[in-house]
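Please find below a colleague's note on the structure under review.

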Amino acid sequence: MRKITVGIFSFLFLLSSSWGASVKDRRNDLLKVLNEEQQEIQRLSRQFQNRNPELLLRIAQIHMDKARILREIETEKYLEIDAAKRGGINKQKLYAQSHGHVLQAQKLCKQIVSRFPQFKDKADVYFIMAYNATELGNVKQARTYYNQASRYSKKVSETKIKANLALANLHYNDARYAAAIPLYEESLRAKKDQWWTKDAFNLAWCYFRTKRYDNAIRQMESIYKLSKSNKFIDMSQGVVRDLALFFAEAGKIKDGVRFYESIGENIAKHLILMSKRMIAEGKYTKAQTAVEEGLRAAKTTEEKVAFHTLSLELYGKYMKVGSHYKSAKVLFPYYKQNKLDDDQLTRYRYEVQRMGALLQKDVLKKSTQQVKKTREYKAQMAGEYFELMSQIDPKQSVKMMYLKGETLYYARMYRSALDAYDKSYILAQKEGDKKFQMDSVKGEMACLVKNALSGKEKDDYYLKSYERYLSLDNRSDKANQIYQNLFKIHEDRGDIAKYTDILERYHKDFPQESKKQEIMLASVMEYYNKRNDHAAIRNWIQRINRKEFTVSAKYAAKLKQLLTSMQMGEAQLAQTRGEKAKALQGFVKAANDPESTAKARKTSTHNVAILYYELGAVQEMYDWTQKSIALLSTGELLAFEDTYLLISAELFNRDRYDLSIQLSETIFNQLCATSHKRKDQIFKNVVYMKLAQGQTDQALSFIDTGVRCKVPADSILDGKLETLEAYKEQKNMNAFEKLLRHLQYAYQKEPRLIEHQHLLYQEMLKNSDQRSAAFWRASLEKQYQNARRSKTIPLEALEIIASFEIPKLELQVSALKSSKLSFPENIYNAGLQKKFQQLDGITNAAVRIAQLGSGDGTIYAYTLLLDAYESLANEVKDFTPPQKSKEYVVSFKKNMDQVVRPLLAKAAEFKAIAKKEVIRNQILSHHSVNFLGNERSPVPVQYSYYKQGIYMDRGGQR
């Protein structure tokens with residue numbers, strides 16, 4: 001009897017009911033044939049009293065064939081179960097019938113090897129048993145049977161080769177590489193078919209895993225050559241991917257470079273992967289060799305960045321400072337150009353900061369302090385790293401420059417430290433960081449004590465440092481002494497303006513230090529006495545009388561009363577009599593008199609402004625109000641704010657908008673540092689008045705002032721949005737775009753920006769600037785994504801977002817309608833299946849658009865969705881198979897009706913949903929007509945509205 005081999009069947013399941021019925025019939029026919037064959041073979045076997053192993057083997061094969069067919073039927077039943085209910089299915093019970101046949105086949109095979117030990121095809125039986133054991137999930141048993149199959153096979157036979165390869169693969173999967181090698185080697189020597197390259201690839205990895213690197217490399221190179229022939233499975237991609245690792249582990253990186261260059265591959269890419277793996281495994285010497293080769297081979301920016309980043313990590317481990325710093329400097333321009341990915345950026349920052357910190361720590365070591373050259377080198381390099389870090393991370397620039405100063409100071413490099421402290425102070429001042437400002441000043445003064453400078457240069461620096469210190473601390477005991485030191489330096493230089501200024505500030509900060517003030521005053525008087533400047537002396541006496549300095553309270557009060565009475569007496573008397581012109585003249589004189597006291601000038605100036613207001617003199621009331629405000633402190637201004645705001649309103653009412661704006665702005669600036677309740681309203685008035693006058697740039701500049709004055713964030717945003725509208729109305733698109741760019745970064749969740757971004761998107765499209773158009777489209781989509789999580793989005797913005805999604809949906813619908821169904825049957829079924837997949841995509845896309853909340857977008861999405869379902873239903877309904885009998889066509893139409901009816905039902909469901917949306921949300925869209933009647937109207941109907949107002953004549957007509 002001829003030898004019978006195991007057959008493997010596979011079936012294609014189609015969606016058509018008619019085709020599905022034929023598959024079911026075929027299975028039943030096959031099972032019927034197998035049952036009949038099984039009965040016949042069993043009958044023959046009984047005639048031979050079940051002593052013919054070949055017949056028994058064929059019965060086992062029939063059981064296997066039936067198991068496969070039944071398994072397909074069982075799987076089909078399993079897939080028909082709802083996915084949510086599958087978890088509760090007993091799969092063992094579901095697959096019991098097919099499993100039983102597998103067990104029957106396995107049982108017969110065991111009987112054969114048991115009863116017929118001399119059976120010539122026993123190796124094939126064991127091979128089948130091994131295959132079945134694998135199917136049953138018993139890998140251990142499968143290994144045993146494969147061993148038996150190999151044992152009983154002829155030395156050079158198909159079964160032996162397959163058994164050995166199967167055993168080798170099992171060993172490979174269990175990571176038993178040494179055991180797999182001889183099996184692979186024997187099988188691969190015996191036969192060289194198309195699968196040879198795949199099995200040899202596994203052998204190469206076995207060599208590699210057992211550290212037989214040369215064998216692994218030679219094997220891979222052979223696989224690569226054979227893969228270029230169409231006689232073998234192409235494993236060249238795997239070779240190219242993995243061989244770099246083999247060369248690296250073997251320490252033959254240069255050989256690897258030559259290999260990849262010989263095949264035209266980009267070696268740099270592989271060296272990067274190779275280096276990373278070596279570093280991860282702690283093989284730093286090999287990694288460094290790979291990186292050095294990579295630096296020579298790198299051509300692209302990405303490759304150079306990758307290798308220099310790896311260099312930082314390697315040089316950092318061995319503290320090769322010079323090489324490490326060189327790579328750090330090379331990477332900096334790439335960092336500025338945003339060429340580093342997130343991991344590289346993290347590593348770059350870490351390495352630069354770490355190296356600076358390590359060098360600083362070394363400088364402080366006692367052993368380093370004792371060697372000047374080493375100490376200064378490490379301090380200098382630490383400073384370079386700190387300065388580089390300040391450029392990498394501007395947020396740490398103050399701290400980094402301060403650390404540079406500290407490191408240089410402890411290295412006794414005082415002159416260099418002084419420069420670093422100076423830079424750190426300037427940076428801290430810009431950042432408003434008072435702590436680092438003070439620390440930097442203290443560092444400066446410590447360097448000056450160490451004689452970092454000398455002579456006039458030293459005094460100049462002391463003056464700068466003292467002033468810096470006093471700007472931060474002007475009331476402490478140390479500040480007291482610094483004031484005296486400052487006074488002495490200016491006095492020695494004969495700079496009267498400077499040391500009188502110090503006197504005034506000292507009195508302000510230390511009003512109770514009368515003895516020290518008297519010493520300073522004596523020096524000032526002596527200066528003018530030597531020059532016979534009696535007017536200046538009288539001025540100082542008047543200042544003393546005005547209590548600018550500490551003198552007798554009784555005497556100062558009398559002087560003040562006398563001067564004020566003289567300057568304002570007549571003007572006040574005239575005011576009480578109603579003699580406005582005379583009072584005005586008197587107050588103007590007192591306000592302009594240089595001898596007037598501060599209080600007299602304030603009161604006089606204020607009264608002059610009020611009198612001009614009462615007289616209706618527009619320009620004069622404005623000028624004197626400005627002068628009055630300039631003389632007042634913030635607290636004094638608050639006492640008269642109503643008066644000044646009234647004057648501002650009067651200027652506005654008299655159409656002097658420019659003056660009203662300027663006065664309101666002055667009042668606002670005076671209130672800047674306060675939390676006054678009217679500050680916000682004044683801010684808004686100034687912004688809107690400036691915008692109304694077309695002063696758009698000035699309005700924007702004033703908004704920046706509002707930010708500094710801590711105006712509420714909502715008012716700032718509203719002001720900027722109004723300014724944006726003004727730029728749009730003026731068609732100043734450059735300014736419009738510049739402001740919008742600022743707003744979209746500063747207010748990433750503000751939905752009101754979307755319309756403006758869309759306007760720029762449209763402008764760029766009109767100008768054929770596709771790149772800018774793409775930028776603004778991406779910007780508004782990102783704005784929408786940020787805003788939708790926490791903000792209410794305007795309808796106009798939603799319409800814009802929907803307008804971007806609609807064309808995609810239109811393309812999907814067009815693609816669905818453009819493809820046509822055709823016969824023969826298998827092509828028709830495949831085409832129908834594809835259309836259902838397209839329909840699913842269209843449905844999902846339409847639902848996503850509807851969920852956006854855009855009225856017009858929602859209704860148009862449903863319009864397209866309805867069109868898609870109806871067009872597919874009509875196409876299936878109208879399709880008639882060509883060149884088929886009438887009976888076939890009738891049967892086909894009947895089956896297809898089961899496809900058409902659900903499609904039309906779904907279309908009707910979508911139409912009802914859309915209609916409900918139109919009515920519930922009162923959507924005015926020209927697509928709404930598609931859903932507001934039972935039938936589509938033959939006459940086009942549109943619902944439209946005007947976004948702008950409509951002008952009417954006096955009779956109320958449009």
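The points that follow concern the domains, the nonpolar cores, the disulfide and several individual residues.

1. Basis of the note. The structure is a predicted model, and each remark below should be read with that in mind.

2. Domains. The domain assignment of the protein chain lists domain 1 (731–793) and domain 2 (815–932). Between the C-alpha centres of domain 1 and domain 2 there is a distance of 36 Å.

3. Largest nonpolar core. This core holds 108 residues, and those that touch the most other members are Leu-651, Ile-667, Phe-683, Leu-809, Tyr-828 and Val-876. Helix H43 (residues 855–878) supplies its largest share, 12 residues. Because domain 1 (731–793) and domain 2 (815–932) both contribute residues to this core, it lies between them. As a general remark, nonpolar side chains tend to be buried together in soluble globular proteins.

4. Surroundings of Tyr-828. Which residues does Tyr-828 touch, not counting residues up to four places away in sequence? They are Leu-821, Ser-822, Phe-823, Val-876, Phe-879, Phe-892 and Met-896. Among these, Val-876 is listed with Tyr-828 as one of the core residues that touch the most other members.

5. Disulfide. A search of the whole structure finds 1 disulfide. It joins Cys-672 to Cys-709, with an S to S distance of 1.9 Å. The torsion about the S-S bond of Cys-672 and Cys-709 is about -105°, and the disulfide is therefore left-handed. The two cysteines are 37 residues apart, and their pairing links distant parts of the chain. Cys-672 belongs to the loop between helix H34 (657–670) and helix H35 (679–692), whereas Cys-709 belongs to the loop between helix H36 (696–708) and helix H37 (713–729). Both Cys-672 and Cys-709 are buried.

6. Two further cysteines. Cys-109 has a relative accessible area of 0% and, because buried means under 20%, counts as buried. Cys-206 is likewise buried, with a relative accessible area of 0%.

7. Gln-744. Leaving aside neighbours within four places in sequence, Gln-744 is in contact with Leu-753, Gln-757, Phe-775, Trp-776, Ser-779 and Gln-783.

Methods
Residues numbered from 1 in each chain as written. Predicted model: local features only at pLDDT ≥ 70, side-chain atom pairs only at ≥ 80, totals over all residues. Heavy atoms only, no water. Contact = heavy atoms within 4.5 Å. Core = buried A, V, L, I, M, F, W, Y, C linked by side-chain atoms within 4.5 Å. Buried < 20%, exposed > 50% of the residue type's maximum accessible area, 1.4 Å probe, protein only. Helix = DSSP H or I, 4+ residues; strand = E, 2+ residues; numbered from the N terminus. Domains from an automatic or database assignment. Disulfide = S-S within 2.5 Å.
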